[in-house]
Each structure stands twice: as C-alpha cells, then as structure tokens.
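Thanks for coming. I will keep this short and start by putting the model on the screen.

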Amino acid sequence: MASQIVISRRRLTRKLDAARQAQIHCLTAPAGFGKTTLMQDWAAPQKGRVIWFTVERSDNRLLRLGGGLLAAFANAGYGFLGCREELGLLNEPGGVARWSSLFIAELETAARRNDASLTLVLDNLHLLDAPEAIALLSCLVRDLPAPHRLCLLSRNPLAPALFASISWNRIHHLNADELAFTLEEGKQYLRALQAEGCLGRYAAPGAPGMQTQLSELWRQTDGWPIFFCAMANRMANRTTPFAAKEELNALPDFHRYMEEQVMQPLQLLQKDMVTRLRELAPISEFNRDLLSQCLLPGESPALIQAMIHHTGLIVKAAQSNGEYRLRRPLREHLRQDNALSNRAASNTAETASLFDKAFRWRLANKQGMAAVTLCIDNGYWRAAVHMLEKLYPSLVSAGYWTQVAQWLTAIPPHIVEQRPLLQTLLGRKALFESAPASALKHFKQAQTLLASDQELDHPDAVYDAAARAQQWQETSALIASTQALYVTRQALPVAELELTCLVTRYHQGLHALHQGRLHEARRQLTQVMEAALADDPGMLIQVIPVLGWLHYLIGETDLWRSGLASLRERLAPGCDLPHGFAWTSASTLFGLLENASADEVTQGLQDASVLHGLCAPAELRFNLAAAQALRAIREARWDDAGEALQEAEVLHHSIPDPVRRTLFSLPALKAQRLLAQGGKSEALHLLQAWGGHYDQACFATQHEQLILSEILFALNRPEESLDPARQVKAWAEQRRCGLLLTRSLAIEALALQKLGREEKAQQVFHDALHVGRMTSSVHSLVRKDAPEMKCLLAAAKQQGRYPAYVGKLIEHYGQDIALDDDDSANLAALSKREKQVLDLLVTGMSNPEIADALCRSLGTIKIHVHNIYRKLGAANRVAAINKYNVAIA
C-alpha cells in the first residue's frame, strides 16, 4: 500500500545519536511506522558491525531461538562454536542462564579480537511470547557488555520481564508518537514524489496552499506513515493533485491492513483490549474517570491502564488535560467495522446506550464542548444544534474555531442555514480567518432570520424577544465594524465602540495599522490584549500575531519576546489558550529571523507549524510562508524558498486588500530570492513588472522600494540606489518603523561608501548603529555580500561606537576586521576637551584634580575619561597612558 520511496528521518536518528549512553534501544509501534527502515538508516554508519536477527513465530522454541542467534552471528563472521556445542543446555533446568553466560563470554572474546563494538538488532520481537524465550533474551539484556548495543523492534509493548533487574537509564524508548510523520517529513515525501515525476505541483491554482493540503493529509492519517504514503500516492496519480479531499476509508486494502497488521497482533496480546477498543470507537475522546465510572464500570484498572498507554493506538488529545482518543486510522476502521457487523441492530442499541451514558457524564462534569462532539459523531443533530446555541457565548470567547468549523461542516447545511446563532458563529469564524466578504454574508443571513416572524425552537429559550434584540445589536455591530475596516476603510467612532463588542475595538486597532499609524495601533491592540486576558482566549489568539508583527516593524522584538514569557502566568484561572504555544511562536518568527540563531529559527518554525491546517488568519499563514522563504533564502536553499513563496502566493489571493498593504510585498520577496541567487537583472525586471500595486503610504510599497535600492546597489548603481533608500528612510522616520529605518540607513551608508563619500557614509552608518542597537537588529543591518560593509564595521570598531553591539555585528559578518595599529589615528578620534583631559591624565592627576584644573564637575570628567578609554581601546588608566606615549613617540 505504501510507496517504495524512503526518506531520511534525521530527527529520529539524532534522537538515537543523543541517547548513545543508552545500551538498549526499544522501538515499539504498529506495522508501517518505519521501525526497520529507521534502524537500518541509523545502524549502518555506526562504528562496528551490525548483526540483524528477524524473529519468527517458531523462535518461541528455545533451541530454535538459540540456533537463530548463532546463525546471525555466523553470517557476520563470528563462529561461536562453544555455544553451538552447548545448545543442549537450553533444554535443561537452569540451562538458560548457563548458556546465555557462555554466549556473552563468546561475544566479549569476539569483540576484543576485532576491537569493535557490535549492534544486535532483534526485529519483529512481538512474535516472541513464550516465557522461556523471553527469559533467554532477558539474560542477554541484563548481561550485555558495555561496548555493545541491543536494538529491540516490536509492534506491541515489550514484556516487562524482558527488563527485569536492569537500570532504566540503560534503556531508550521510541514509540509511535515519535515515529509518526511530522509535517516536515510529509513535505520531504512529496518532494520525493515530485522528483520521480509523480507530482506536478504541490498546490493547484486557486486551491489552498501546499502546507494547508499537506496538513489535511497529515490530520487524516494522524501521521501514520503507511497511510500517509498511500494517500499521497493516490493524490499524485490524480489529474489535478490535491484538488479533491481524499478519505482514509477509500484507500485500497485499508481495512484488511488494519485487521491483519494491527488488530490481530493486538488480539494475540490481549483479547479484551480489542473488544473494548471496538466499544470505544463511537466516543471521540475519553479520560480515566469516564472509562472507569461510566463506559467500562467494573473493568480491571490494569486493562484501562494498558489501553491508555498502548503504543500507537490511543494517544493523548492535544490541548487537553487527561483526555485521550483513538488514532484516526484505527477509529475509522472500527466505526465502519461496527456499522457493517452482522449484529447491526444490537450494535445500534448498544451504541445508543453508550452515547447516553457518555453524554450525561459530560454534562454532569460541565464538559459542553465534548458533549457537542459526541452528539455530532453519533448523528444527533438536534441535540448538537441546541448545545451549540446554548454554548454560543463560551464558544465565541474560547477561540476553538477549527473545532467549530468541523462541527458546522458535519451538521446538514439546511439546518445550519436556518439557525441565526450558527450563522453568526460562521461569520465570526470567517472574520477570524480574514474573509470579510464571507463574514458579512453570514452576519446578514443571521439578521434576516432574526428579523423574520419564524419561530425558532430551543429548550432554553435562547431565541426569546430579549435575546433576539441582543443578537440583532451584536450582528449590527459586527457588520458595521467589518464594513468600516474592509470596505469603507473608515474607523468607527469611539462612542460607538463603548456600546459594541471587543472585536470592534480590535478592528479599530487594525484600522490604525492599515493606515500606517504603527504606535497608535500597538497601543490600541495592547489594550485589547489586556482586556482579552481576563476571559477571552479567542480574541487573545487573534491579537497576539498582529502585535508580534507590529513589534517587529517598530523594532521591539526583544521586548515582545520577554512580554510573551510572562503571558501564560497572567492568564486568568481557567482561561484555556488553544494551541497557545503555536500562536506565540508564530508571533515571534520574524523577530527570531532578525537576531536569533539558526537553531532558534528552526525551532520557532516547528512550533508554529501546528497552525497549518487550522483555522487561522490568512495574513498569519502568509507570514509563516514568508518566514520559511526568508530562512531558506538566507541558507541558499532555493527550491525550499520557491515552494514557500508559491504557498505565499496562493494565500496572498485570499488576503483582503487593506491587509495586504501592511505585509511584505510578494513581488519584493520573489525579487529578493532572485537577487540572492545572483540574478540581479532578473530581480530588477520582476520588481518593476509586478510591483507598484499599492500607494506610496503603505508598508508593502516601502518594502518594494527597499528591495529596489538593494538591487540597484548590487548592480553597481549606487547613485540610483540612494533615492529609494532615502524615500524609505523618510517614511520610516515619520512612522517610527525601526525595521525599515535600520535597513534603509544601512543601504544608504553602503551606497555612500561605494561612491567614495566615506565621512558621510560613516555618519549615516552611525545612525544605523544607533537605531539597530535600539531595535536589536542584526540581519537587517549587516550585508555579508557587500565588501563596503567591512569598511563601515572596521571604522565603527575603530571609533569605539557601541563596542558590544558592533562586536556582535562583526561576529555575524563572519570576516576578520583588523583595527589600524597606528595609535595616532585613535588620538584623532578624541574631541578637544577629551585631549585636554588626557594631557592631564598622563601627568598622574586624579579625576578630582583634573576637574578642579578644568573647572568642570567630577561627573563630567568621569564621562570624558570613559570616552577616552572607549576610543583608545584601553581597559584602564595605565593602558590609556601607554597608548598616548606610543602615539607621541
């Protein structure tokens, strides 16, 4: 079912490398997770010999197992003759321990003779269940000499008796959660398909971007590698790749594989577990209390414990406290298998009873959202709709828009179209995703339903006259603020804001951002964040990425990161921030690109990758793709940069025009990639042909002008590059945009240096250093491809300007920058007053004496002395005097 393509999973081999101190490596996961492939990939380059033994069912007989081990060693060139002669010991009482001691002794002798360590790999260990066979292996595990390794591969959890009497720090485990595909590995697999000519493009025009489609594929398969590969192959063979959603159940031989490769081995391990898993299939999520009190009352705690911790089949649900779920491939198989069972009528009654118990338990424990999921999973539409409408206020503030979208997609459309609160939910979701046209359509549909005379049934009277009036007022405010922000582009009056919901205050801050009033937008959106901290995580996850982007533009990336560090501590008790770590990581990405290490940027992108495939603002997804592109450009990975820019282009079409003006220009990003590749003329042509879609007052236009200046400089046209750089500088100074100001000053200084105007270049670069130090800029200031940068950094170091910061820039520049050894040049950097102070300093006068002699305060003299030390590069008074004596000699 899976493709023959094999990808290298470096993150897993790195985990194995990091656990070298462990002598025993255990890989446990169902078939298809790539255990054997991973071990072959990791063990082959290891120093020493690798001995591979694949267990069979017949190896449960001791003589067969012992003979098989000896044969494996013989194939590797080790003839353990003594062990072969003593195989008969395995049939005698106590012979297992004696034979294993003999085997270990032979192993040590062979290793000393060859001066190499050995790695013994035991594959398919789940087939070994006889107590005497496990006892033999446990002796090998216990007595294995230190230089050697043992790798155990199994589909089921290994028997505890195997590890009896050994220290757990000798054992390293990798389970199915770690062996499952990540999004990045899925991307590697699609690349491999593309390299074979099986896949034309990752994203079809007009469809969601490649990462979005990839995450949908990953979500359906739950990262189960064999299913992911099979689905990707099916999509690759379609006329239009990724044009239609594939279902897991449609895979060829899906159910046969699940039954033969997963369920049968599990049944051999513990029959009751298979029965219980089938019973749990209708339940989306469960916890220990729900299992023991309601679903499986009186069941053995050991079975419940085994089910929850069974590798690869039951996993902990994301963003939950103690909630577990069946992996999607397993659950899909069990649910369909139950539906097709010959006991269909009986199953229906049992399922209804199980649902009733679980539903009542969820309500009794105030778990309304889990109750909604339960209703929808079992087709109880009426109950689901009534629960959703009752929970509307908490759903709005919770921010679980991905879950809301899944619920409302599952409910029949004709029901959703007739319920005002469901239409309002859809409108809010669309607004969250930056889709104003769709949001307005749903809000207006909700208003139409509220204005009609049609009676809307609900057991809790959520549609009585007072509630309808309040809902009308809410939808009116949402329509007004949405139109003001995206259509008329006029800010709502402050008086109106006091009467409306928090989202309109958020829109007011966005309006300031769209108009280029960065600091005003930051102030207003910070107020929204403070208000949302109390009880509105939904608004919090919406405002966090925008504030992160604003702090990046202003140049306060360090301030933003330090603020986020305490964000969780400030959350109100019970305020659950869905995927909070991913949202905060996404908001810091550009700041990490500015001044963090490559490892920190990689980690930030991995943390934020959770947001792919979830309901998220279009501009946030665009920024994630842009960050990936910029990192790839910096690391000269041109194909990766092209893929990320292709994703950004697809997403760019869905972003409203007012929002596009506040983001990086897509043509400028493409031109930046071409410029980094050395295509200077091509970059200039692309920018001139496809740029210029926005007015001069917006950020996107200034970004284009900045890249234009860098291209002209690279084309050896420094005079022409000055004009766009100065235009950007003027815009950035007016709006206090630290990011663009730093970059524009840097390119202006480089152009002046190339024109031979060194003094002016150093003055401008000093301004760039001042702004860059305040904004913690590194990458925006240093141009590694410009030789003139070395001269500017050398001059800055010579003059002692911001020595710590300049030292960091020089370290990033990565080239030796030597100072002029002529100390007279250092003396020339001193001011007239500083020279007077230095003349008195060399006579041996103290600071108070110098102050009296020059009629200046002691504090002023201390400042002069400090500046003298800095400019001369002296650590103390003695060093300064020595430099003075050398200079005048």
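I will go through the salt bridges and then the nonpolar cores.

This is a predicted model, so local features need pLDDT of at least 70 and side-chain atom pairs count only at pLDDT 80 or more, while totals for chains, interfaces and linings use all residues. Residues are numbered from 1 along each chain as its sequence is written, and side-chain values use heavy atoms, with hydrogens and water left out.

Charges come first. Side chains of opposite charge can pair when their charged atoms come close. I call it a salt bridge when a side-chain nitrogen of Lys or Arg is within 4 Å of a carboxyl oxygen of Asp or Glu. By that rule there are 39 salt bridges.

One of them joins arginine 717 and glutamate 720, at 2.9 Å from N to O. For accessibility, buried means under 20% relative accessible area, exposed means over 50%, and partly exposed is in between, with a 1.4 Å probe and protein chains only. Arginine 717 is partly exposed at 30%, and glutamate 720 is partly exposed at 41%.

Next, arginine 726 pairs with glutamate 748, with the closest N and O atoms 3.0 Å apart. This pair links distant parts of the chain, 22 residues apart: arginine 726 is in helix α39 (residues 718-735) and glutamate 748 is in helix α40 (residues 738-754). Helices here are DSSP runs of H or I, at least four residues, numbered from the N terminus. Buried or partly exposed: what is glutamate 748? Glutamate 748 is buried, at 2%, whereas arginine 726 is partly exposed, at 33%.

Lysine 754 forms a salt bridge with glutamate 788, the closest N and O atoms being 4.0 Å apart. Glutamate 788 is buried at 14%, and lysine 754 is partly exposed at 30%.

Now the cores. A nonpolar core is a set of buried Ala, Val, Leu, Ile, Met, Phe, Trp, Tyr and Cys residues joined through side-chain atoms within 4.5 Å. The largest has 213 residues, and Leu295 and Phe765 have the most contacts inside it. Helix α28 (residues 537-554) gives the most to this core, with 12 residues.

Leaving aside neighbours within four places in sequence, phenylalanine 765 is in contact with Ala749, Leu781, Met789, Leu792, Leu793 and Ala796.

Definitions and conventions. Helix = DSSP H or I, 4+ residues; strand = E, 2+ residues; numbered from the N terminus. Contact = heavy atoms within 4.5 Å.
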